[in-house]
Amino acid sequence: MRILRSVRHKSCADGTFMKEFLLSAPVPAGLFSYLENFGEVESLPNLGEGFYKFEKPDWFSIKGLAGDTTVEVRFKKEVMDLTVNFLYLLFSSYREGSVDLPVLKQREEAVGKRVREHLYGRD
Amino acid sequence: MSENPPIIYLNNAATTWPKPPEVLEAARQSLALPVFGSGRTTGSQGEDYITLAREALAGLLSADPPEHVVFTQNATDSLNILIQGFLAANGDGCHVLTTALDHNSVLRPLHELERQGRIRLTVLPFEDGSVRPDAVEAAITPDTRLMVTAHGSNVLGSVQDVAGIGEVLHDRGVYFIVDGAQTAGHIPVDLGDLPVDAYVFTGHKGLFGIPGTGGFYLRNPDSIAPVRYGGTGTDSFSLYQPREMPERFETGTHNYPGLAALAAGVNYIASIGVNAIAEKAERQTAFLIRELKEEPNVTVYNESPTLPIVSFNIRGLENDDVGFILARVYGIVARTGLHCAPLVHRAIDGGRGSVRLSLSRFTTDEECRIAAQAIKEIARNADSSVGSP
């Protein structure tokens, strides 16, 4: 699954920057189970084909409906430059059944270190 | 869920949709021939859309004379012209009143002037959706010269007692600008009777025009100095802005298709009657509120609005998520967040924002029923929101 392009964006009142992304395929509910490896997921599975929301504090949140070909992502503006590539990687790495989690976790740790330094100074 | 559910549009407090067919036709027709604006062409074959719109507005709002109805780009533009023009005519340094109910179209111009040290500003809190005339009276100081406030709240749907407030202000010599962005076309407005000095309207909401039109009615033109200057197509030998109305404030080429559409929108309203529009809206709004109140998870912020506006939140869900689900699952277009009225939300929901449904003449009973059902379904599911997918 790939992010094809951003189709809408806005600055939000809560200080985040929202981008809606068009995906190469409809969102499977399994995507959010996979994302749970990297943050918290909430769901309302009985609404439509299921409403899902992924939260990765200080990075971004992703919300979407299973079966839709777009997702809405809210970036923490201050570190968006650091986290946006990881978002693309999360989607491009997702395949049902075979995801190389250790490699992604390594990358997450590296980006996370830079995010923390940017937001809170050096450890 | 169908793949592409039909749109149920409940965001009419932002911009009304759909427009009456005659509005679309008027905009089309206005572009089908060259513009025949008075003073700007030798042609005379076309309609004088500007005069048509001015007279239609003057009739709807009982604004006399029609020439005191001035056209601008929108309500925000009107408010900026009036507020800046008031200071240009009367000088800096005065005390100005506004309210926490107001939209950023009022709050931002006033706060900017306060930041520049040009005015002293008091923002009055509201109770039960409005600011009482006695609270206004208590806030007046010897240097209070101006009050600017909304006629109707775009979040709560409440309507302020501008007659009572206006009387208090005029007794104390305070100038009164009323922002009617949410009331024009929705409830009867009689400017021949209301004690207001200027009344602002926008074209694209309750008046069924298209975006890019708005204006104001000004009782005494000399009370506001023009802050924009340029060509009017009249008195062109003079190098100064004409004093006559409406040229005093209307400069540059008009938005002809917009004003043609606005005239058609106002005429549409007049053909139905504002009272009939208000009665239908009141019945549908009451239905929605009654339905939403059945859900213990739903908080409705004003249970008796005068305008067709219902603001609510669902416990356990962000308002933005509710709007997302309404749009994507049910095809219902609402609006979420702060609605450009941050101080209202600070007072009612701690600044979180809300989901807002807003109706128009074209909203059907069936659409209200579907929307109420959808919101109840979301609210009933909200309890299951925490946990793994």
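Helix 3 of chain B passes helix 4 of chain B in a right-handed crossing, a crossing being right-handed if the near helix is turned clockwise from the far one by less than a right angle, and left-handed if anticlockwise. Helices (H or I, at least four residues) and strands (E, at least two) are DSSP runs, numbered from the N terminus. This is a predicted model, in which local features need pLDDT of at least 70, side-chain atom pairs count only at pLDDT 80 or more, and totals for chains, interfaces and linings use all residues. Residues are numbered from 1 along each chain as its sequence is written, while chains are lettered from A and ligands numbered from 1 in the order in which they are written.

The axes of helix 3 (residues 75–90) and helix 4 (residues 104–115) of chain B come within 9 Å and cross at roughly 35 degrees; axes are lines fitted to C-alpha atoms, for helices over the stretch in contact, and angles run from 0 to 180 degrees between N-to-C directions. On helix 3 of chain B, A75(B), T76(B), L79(B), N80(B) and I83(B) meet S105(B), V106(B), P109(B) and L110(B) of helix 4 of chain B, where contact requires C-beta atoms, placed from the backbone, within 7 Å. This contact has 6 nonpolar, 3 polar and no charged residues, with Ala, Val, Leu, Ile, Met, Phe, Trp, Tyr, Cys and Pro counted as nonpolar, Asp, Glu, Lys and Arg as charged, and the others, Gly among them, as polar.

Further along chain B, L194(B) sits in the loop between strand 6 (175–179) and strand 7 (198–202). Beyond its neighbours within four places in sequence, L194(B) is in contact with V162(B), A163(B) and G166(B).

In helix 11 of chain B, the buried residues include C368(B), I375(B) and I378(B). The 18 residues of this helix (residues 365–382) should span 26 Å at 1.5 Å a residue, and the end C-alpha atoms are 26 Å apart, which agrees; the expected span is 1.5 Å times one less than the number of residues.

Between the chains, the contact takes 21 residues from chain A and 17 residues from chain B. Strand 3 of chain A provides the largest share of the side of chain A that touches chain B, 4 residues.

As to confidence, the model scores ipTM 0.90 and pTM 0.93.

Definitions and conventions: Buried ≥ 20, exposed ≤ 12 C-beta atoms within 10 Å, placed from the backbone. Contact = placed C-beta atoms within 7 Å.
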